[in-house]
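Below are some comments on the model you sent.

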Amino acid sequence: MANWKRVWCILLSLATIITAVIVVCVYYTNPSDPSFTINEFYVSALNLSDISSTTTAVNQTLSFDMKLHNKNKAMGAYYDPVRITFSYVPNIKLTFVVAEYTVPKFYQHNQKSKYVRETVATRGIAPFNRTVTSSVFKVEVFTKVGFTSPAYRKKGSVGRGANVRVGQTGVKDSKKGIKLFEVAGVNGRLGGLGLQKVLLVISMAIMFVII
C-alpha cells in the first residue's frame, strides 16, 4: 500500500511539473501583437458650432487619445517609433493624408498600456461639405515590435488601421473606443492563440488522466 502511495505521489508531482512547464511555455511562446484603440478623436475644422471653424485658415488641428496595450501576460514589448497617419476619406476611391504623428520608441511592460494624447496641426482641413452630417477619417499605425522572450527579440512589422466617423461637432460619432485592425499587406507576426489553447488542453488532459 505504501508503494502505491509513493507511486501516486511521484505521478502527481510529475504531472504538476509538466503542467507548470506547459503553462510557462504558453506564456512565453507565440506572443500577441499589441492592440491599438482610439478613445477620443476631434477635428476642430468640422465643428459647426464653432464660428472660427468656418474659415480654413483658423483652428486647423486634430486631437486624439490612443491606447497602446501589450496583451502578453509574461512578455515586455520593445516598440520602434510608432507612426500614426490621419487621412480624410471623402469616398472609397479618394484618400488625403491630413496629419501625421510619431511616438518615440519605448519599452512596455507585460499587460501595460500607454496612452498617447496629442493635438497635431493638420495640412488644412476645409469644411469639405458642410451639408454632410458626418465625415470619415482613416487612422493607421505602423511600427515594429520585439519582445523580451529571447526567441522574439527580432522586431516584426505591425500595421493597424480603422475608419473613424466624425459628426458635425467635430467629435467621433462612436461613444465607445474604436479598435484598429490589421492593415492589408502588413503581416501580423503572431496570432499564437491556437497553439496556446492546444498546450493548455494537453496539460489539463495529462492532469485528468493521472488523477
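1. A residue is called buried when its relative accessible area is under 20%, exposed when it is over 50%, and partly exposed in between. Glutamine 111 has a relative accessible area of 44%, so this residue is partly exposed. Glutamine 111 sits in the loop that runs between strand E6 (106-108) and strand E7 (113-121). Its phi is positive, about 55°, although the residue is not a glycine.

2. Please keep in mind that this is a predicted model. The pLDDT averages 80 over the chain, and 65% of the residues score at least 70. Residues 190-197 have a pLDDT below 50; in the model this stretch still has eleven contacts beyond near neighbours in sequence.

3. On the overall layout, the chain has two helices and twelve strands. Of the 211 residues, 40% count as buried. Taking contacts between residues at least 6 apart in sequence, 71% join residues at least 24 apart.

4. Strand E9 deserves a separate look. Which strands pair with E9? One is strand E8 (residues 135-147), which runs antiparallel to E9 and is joined to it by eleven bridges. Within this pairing, valine 141 stands opposite arginine 160 of E9. Another is strand E12 (residues 181-182), also antiparallel to E9, with two bridges. Here glycine 161 has phenylalanine 181 of E12 as its bridge partner. E9 itself (residues 156-166) is mostly covered, with eight of its eleven residues buried.

5. The aromatic side chains form seven pairs. In one of them, the ring centres of phenylalanine 41 and phenylalanine 137 lie 5.9 Å apart and the planes meet at 55°, so this pair is tilted. Phenylalanine 41 belongs to strand E1 (residues 35-47) and phenylalanine 137 to strand E8, so the pair ties together parts 96 residues apart in sequence.

6. Phenylalanine 64 and tyrosine 101 make up another pair, edge-to-face, with 5.9 Å between the centres and 65° between the planes. This pair also links distant parts of the chain: phenylalanine 64 is in strand E2 (residues 61-69) and tyrosine 101 in strand E5 (residues 94-103), 37 residues apart. Phenylalanine 64 counts as buried because its relative accessibility is 4%. Tyrosine 101 has a relative accessibility of 21%, so it counts as partly exposed; the cut-off for buried is under 20%.

7. Both pairs belong in a wider picture. Ring pairs link Phe41, Phe64, Phe86, Tyr88, Tyr101 and Phe137 into a cluster.

8. A last item concerns a charge over a ring. Lysine 114 lies over the face of phenylalanine 106, 5.0 Å from the ring centre.

Note on methods: Residues numbered from 1 in each chain as written. Heavy atoms only, no water. Buried < 20%, exposed > 50% of the residue type's maximum accessible area, 1.4 Å probe, protein only. Helix = DSSP H or I, 4+ residues; strand = E, 2+ residues; numbered from the N terminus. Pairing = 2+ DSSP bridges. pLDDT = per-residue confidence, 0-100. Contact = heavy atoms within 4.5 Å. Phe/Tyr/Trp six-rings, centres within 6.5 Å; stacked < 30°, edge-to-face > 60°. Lys NZ or Arg CZ within 6 Å of the ring centre and 35° of its normal.
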